[in-house]
Amino acid sequence: MKRTVVVTGGGVVTPLGNEPESILASLRARRNFVVMDPRLQEYRNLRCHLCAPVTEMLPEYPRKLVRGMGRVALLALTATERALRMAGIAAGDPMLRNGRAGIAYGSSAGDVDAMMDFYGLLVTKDSKKMNPTTYIKEMPQTCAANLSVYYGLTGRLITTNTACTSGSQSIGYAYETIASGKQDLMIAGGAEELSPADIGVFDSMFAASTMNDDPSRTPRAYDKDRDGLVIGEGAGTLILEEKEHALARGARIYGEIAGFATNTDGVHITHPNRDTMAQVMRLAIEDSGVDPVRIGYVNTHGTATIEGDIAESNATYDVFQRPIAASTIKGYIGHTLGACGAIEAWVTLLMLHEGWFAPNLNLEAVDPQCGPLDYISGDGLSLATDYAMSNNFAFGGINTSLILKRG
């Protein structure tokens, strides 16, 4: 019998803020955190000079404990510290070390500076920049592995390095691990540090916004005048527990992971597929056992790319067959790649609890090729609903869908 999986804590590192109150305040204020970074002008032939960086100073940790962590792992650690604190779990709590607690965490890549030093050996034929922690910082599993050692976890470790679905897959796999009885508690999430290389990837595909002179008006998901995405950075962590385990220790329950599904397109590595997008949503709904009529809101991937917006919005309509309320928070903080699924899941739970859902920023005229959804605009939408869906889609044709229940 499938066990109930609840969320007992959440933490993020984003420009939106750290605490639930500040996050919701930023969304209500419709604050766009995209900036034009003059340093990006140094890169020849790079058209996009926009990004959404985390500007807060990260906490200082004892060097001995974090010497194998680059920025991406430190972002993950900061978000995890906040999530555990909210869950009422101290770093040295025996429940983290009893073999029944594990971690599922991902990012698109490891620390970029360490990666430069690591692969620089092949360019310069000189290993002088390499040290014993270089690989530990740049390896794909750096977040999951470093966090497991930091907290002394002895349960399962799942690392998801699936680009834009890294965070949501981590939550989904953690949910399945607990639901099946393999673990009682899982730390789950995703992180991404900002790099010109990430911007360059999408710039080379003509998928990055070039509104360098007007950063507050981009990205513009679902708008007929959108011109591409903006890269951001951050981290998000959820603490997932089996419901009875959480209740036994007196934990507050902030929500529930009611369903999850993931699949692949099997067609093209970068072009989105409407049919398999719709299929993953149906599979998540089936896993949840919830009547789709009871799902009142969809937190969309909403990258503000033409093909992505059109395929996703039409797939969403194919599933719900009604103009369901939908919005993306990427208009506020850009596309945080490996972190976005975790950040968006936590923000969706906060909005479910609030009974208010954030509007799509910069959406002035919906692209007629997009599906007929209720694209939230203006001051947002007040809506009492117990269930929401959060979707993410990644290069490689990887699709995820989470069904979240209000706590």
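**Helices and their neighbours**

Okay, let's start with helix α10 (residues 274–288) and helix α11 (residues 306–320): their axes come within 8 Å and cross at roughly 45 degrees. Before I go on, this is a predicted model, where local features need pLDDT of at least 70, side-chain atom pairs count only at pLDDT 80 or more, and totals for chains, interfaces and linings use all residues. Residues are numbered from 1 along each chain as its sequence is written, and side-chain values use heavy atoms, with hydrogens and water left out.

A few words on terms. Helices (H or I, at least four residues) and strands (E, at least two) are DSSP runs, numbered from the N terminus. Axes are lines fitted to C-alpha atoms, for helices over the stretch in contact, and angles run from 0 to 180 degrees between N-to-C directions.

So α10 and α11 are oblique to each other; under 35 degrees would be roughly parallel, over 145 roughly antiparallel, 65 to 115 roughly perpendicular, and the rest is oblique. Their crossing is right-handed, meaning the near helix is turned clockwise from the far one by less than a right angle.

Who makes the contact (heavy atoms within 4.5 Å)? On the α10 side, look for Arg-274, Met-277, Ala-278, Met-281, Arg-282 and Ile-285. On α11, the partners include Ala-311, Asn-314, Ala-315 and Phe-320. By class, that contact has 8 nonpolar, 2 polar and 4 charged residues. Here Ala, Val, Leu, Ile, Met, Phe, Trp, Tyr, Cys and Pro count as nonpolar, Asp, Glu, Lys and Arg as charged, and the others, Gly among them, as polar.

Let's stop at Asn-314, which sits in helix α11. Is Asn-314 buried or exposed? Buried, with a relative accessible area of 12%; the cut-offs are under 20% for buried, over 50% for exposed and partly exposed in between, with a 1.4 Å probe and protein chains only. Beyond its neighbours within four places in sequence, Asn-314 is in contact with Arg-274, Gln-369, Cys-370 and Gly-371.

Next up is helix α3, residues 71–87. It has 17 residues and reaches 24 Å from its first C-alpha to its last, close to the 24 Å expected at 1.5 Å a residue; the expected span is 1.5 Å times one less than the number of residues. Mostly it is covered, with 12 of its 17 residues buried, and what covers those buried residues includes β1 (5–13), α6 (142–151) and β7 (234–242). Just after α3 comes Gly-88, with a positive phi of about 75 degrees.

α3 packs with α6 at an angle of about 50 degrees, with the axes 9 Å apart. That makes this pair oblique, and the crossing is right-handed. In α3, Val-72, Ala-76 and Leu-84 are among the residues that meet α6, where the partners include Thr-142, Leu-147 and Tyr-151. This contact divides into 9 nonpolar, 3 polar and 1 charged.

Now for a loop residue. Glu-56 lies between β3 (50–51) and α2, and is partly exposed, with a relative accessible area of 24%. Glu-56 and Pro-15 are 41 residues apart in sequence and 7.9 Å apart in space, C-alpha to C-alpha. Not counting residues up to four places away in sequence, Glu-56 touches Val-13, Asn-18 and Arg-82.

Last stop, helix α7: 12 of its 14 residues are buried, so it is largely enclosed by the rest of the structure. Gly-181 follows α7, with a positive phi near 90 degrees.

Methods. Contact = heavy atoms within 4.5 Å.
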